[in-house]
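Dear colleague,

Please find below the structure that I am handing over to you. My findings follow directly after it.

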Amino acid sequence: MADFVGAVDQGTTSTRFMIFDHAGNEVAKHQLEHAQILPRSGWVEHDPVEIWERTNSVIQNALRHKNLAAEDLAAIGITNQRETTVVWDPRNGRPYYNAIVWQDTRTDSIAAALERSGQGDVIRRKAGLPPATYFSGGKIQWILENVDGVREAAEQGHALFGNTDAWVLWNLTGGPDGGIHATDVTNASRTMLMDLETLDWDDELLGFFGVPRAMLPSINPSSDREAYGTARTSRPLRAPIPVTGVLGDQQAATVGQVCYAPGEAKNTYGTGNFLVLNTGTELVRSQHGLLTTVAYRFGGDPAVYALEGSIAVTGSAVQWLRDQMKVIKDAAESETLARTVEDNGGMYFVPAFSGLFAPYWRSDARGAIVGLARYNSNAHLARATLEAICYQSRDVVEAMEQDSGVHLDVLKVDGGVTANDLCMQIQADVLGVPVSRPVVAETTALGASYAAGLATGFWQDTDELRTHWQESRRWEPEWSEDRRQQGYADWKKAVERTLDWAKVE
């Protein structure tokens, strides 16, 4: 029997391949960044061909690093940046347009028109999502309406859609030579096109966006032995390996954090922040700006649902400090610089670069730095950036408690930003609850591996997976209640200053 399971983690800024052993320990990893294409304000794109080439490279290099062969892997899972939309020609594998990234805001007029027509209420009821630039449906519509020839190609069956999981899967399983065009319920639940109750594409929703059903991938469980075919490309895999798990990145992190019971929650800190609360097999309709989504579905078991608070810009705000503002040279320096001051000096930074996501859903918002005084320095800006990550998470926690009645006793955290100890301490201070980081902080890839391994019997059940989870570090709140409440009140005032800035037609 093979000793390992692998996972492709196709993220917003990079793609990695990680290999795990039976105890859930990381054995090997390779990671490559890809270009962020910014054609104009509010537009964010990726090159799908570059993403596929990076995927090939990271698999090859991770295996080579540990002198492993394809036969050493029992299965492969795929996890991905959700909502990022690719439309390609199945005859040759060429994308018709760059991937439109989840952060992109060009479809704000489409979302606004849906609200004005009353169709937004139907989307909320059926798909569990508000009409917003975030999701895939409007991006598909934009490509169909604005890229020459795509509408005609789609109607003739010569255009396929997928989030990046489907794009990677199709290429990994053969591409134009018999590639599998499929996705899982978690990714499908992020399109505004799937009915959460039937777990199938909905004709009424497709009609709202003018999307032909033939473009869409089949919807499968997140963990399935047969649905996703085998990875059989000559490079880098010289032997067929079953692809048996697919999960959107935040759902994968939920699985990796072993949040399998209703009321269990995790927060992932990456390009954005994503707080997910397991609600079991019950569909909980949010009344406070959260998303109702599918958490996972294993084999023939019923789907497990979740409430999610999606925040567009958190880790990417640190990246902005590095790349655009040149305030820091690398992400780690944000902590070093922020530690040189005791507080934010009255400065608040709301990084609404793509509008505000949960719980506000305001595409008219834009980033703002408020409270500036002559006294403030780049160190205060660095600290305000870390605090923005944490205050946005509190916004979501407040909404989640109102929707579900669940009060968090501890917040499980994962993702790259959790390496920033100061940020995690601020998070505990802002929330007033302990923050817990696991030994394996990159739980997105781990969750995809778990889904793949469960399908093949590499792991027996979720009870076995629970035994793998171990805490690496815990941060306890240190702020007084007065400081906590005053800081949050000032944050809310700062958020108000970002609204009604961009014109939404």
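In this predicted model, strands β17 (273–280) and β19 (304–311) are joined by 7 bridges and pair in the antiparallel sense. Within this pairing, L275 has G309 of β19 as its bridge partner. Strand β19 also runs antiparallel to β18, to which 5 bridges join it; here L291 stands opposite E308 of β19.

Strand β19 is mostly covered, with 8 of its 8 residues buried. Both of its faces are covered: V304, A306, E308 and S310 lie on one side, while Y305, L307, G309 and I311 lie on the other.

These strands belong to an open sheet of 7 strands with mixed pairing, in the order β18-β19-β17-β16-β22-β23-β24. Strands β18 (291–296) and β24 (471–475) stand at the edges with a single partner strand each, so one side of each has no neighbour in the sheet. On average, neighbouring strands of the sheet are turned by 30 degrees against each other, direction ignored. Elsewhere in the sheet, β22 (residues 411–414) and β23 (residues 435–438) pair in the parallel sense over 2 bridges, and K412 has S436 of β23 as its bridge partner.

Two helices lie across strands of this sheet. Helix α9 (residues 249–256) lies across β16, β17, β18, β19 and β22, and runs at about 125 degrees to β16. Helix α13 (residues 421–431) lies across β16, β22, β23 and β24, at about 55 degrees to β24.

I turn next to the nonpolar cores. The largest has 107 residues, and Y134 and F209 have the most contacts inside it. Helix α12 (residues 378–404) supplies the largest share of this core, 13 residues. A second, separate core of 32 residues includes V8, A28, I78 and I241. Among the residues that Y134 touches are L291, E308 and S310, together with R82, W102 and F357.

Finally, helix α12 also meets helix α16 (residues 481–498): their axes come within 11 Å and cross at roughly 95 degrees. Angles of 65 to 115 degrees count as roughly perpendicular, and α12 and α16 are therefore roughly perpendicular to each other. On the α12 side, the contact is made by R383, A388, Y391, Q392, R394, D395 and E398. On the α16 side, R483, R484, Q485, G487, Y488, W491 and K492 take part. The residues of this contact divide into 7 charged, 4 nonpolar and 3 polar.

With kind regards

Definitions and conventions: Residues are numbered from 1 along each chain as its sequence is written. This is a predicted model: local features need pLDDT of at least 70, side-chain atom pairs count only at pLDDT 80 or more; totals for chains, interfaces and linings use all residues. Side-chain values use heavy atoms; hydrogens and water are left out. A nonpolar core is a set of buried Ala, Val, Leu, Ile, Met, Phe, Trp, Tyr and Cys residues joined through side-chain atoms within 4.5 Å. Buried means under 20% relative accessible area, exposed over 50%, partly exposed in between (1.4 Å probe, protein chains only). Helices (H or I, at least four residues) and strands (E, at least two) are DSSP runs, numbered from the N terminus. Contact means heavy atoms within 4.5 Å. Two strands pair if DSSP finds at least two bridges between them. Axes are lines fitted to C-alpha atoms, for helices over the stretch in contact, and angles run from 0 to 180 degrees between N-to-C directions. Angles under 35 degrees count as roughly parallel, over 145 as roughly antiparallel, 65 to 115 as roughly perpendicular and the rest as oblique. Ala, Val, Leu, Ile, Met, Phe, Trp, Tyr, Cys and Pro count as nonpolar, Asp, Glu, Lys and Arg as charged, and the others, Gly among them, as polar. Lists of a residue's contacts leave out its neighbours within four places in sequence.
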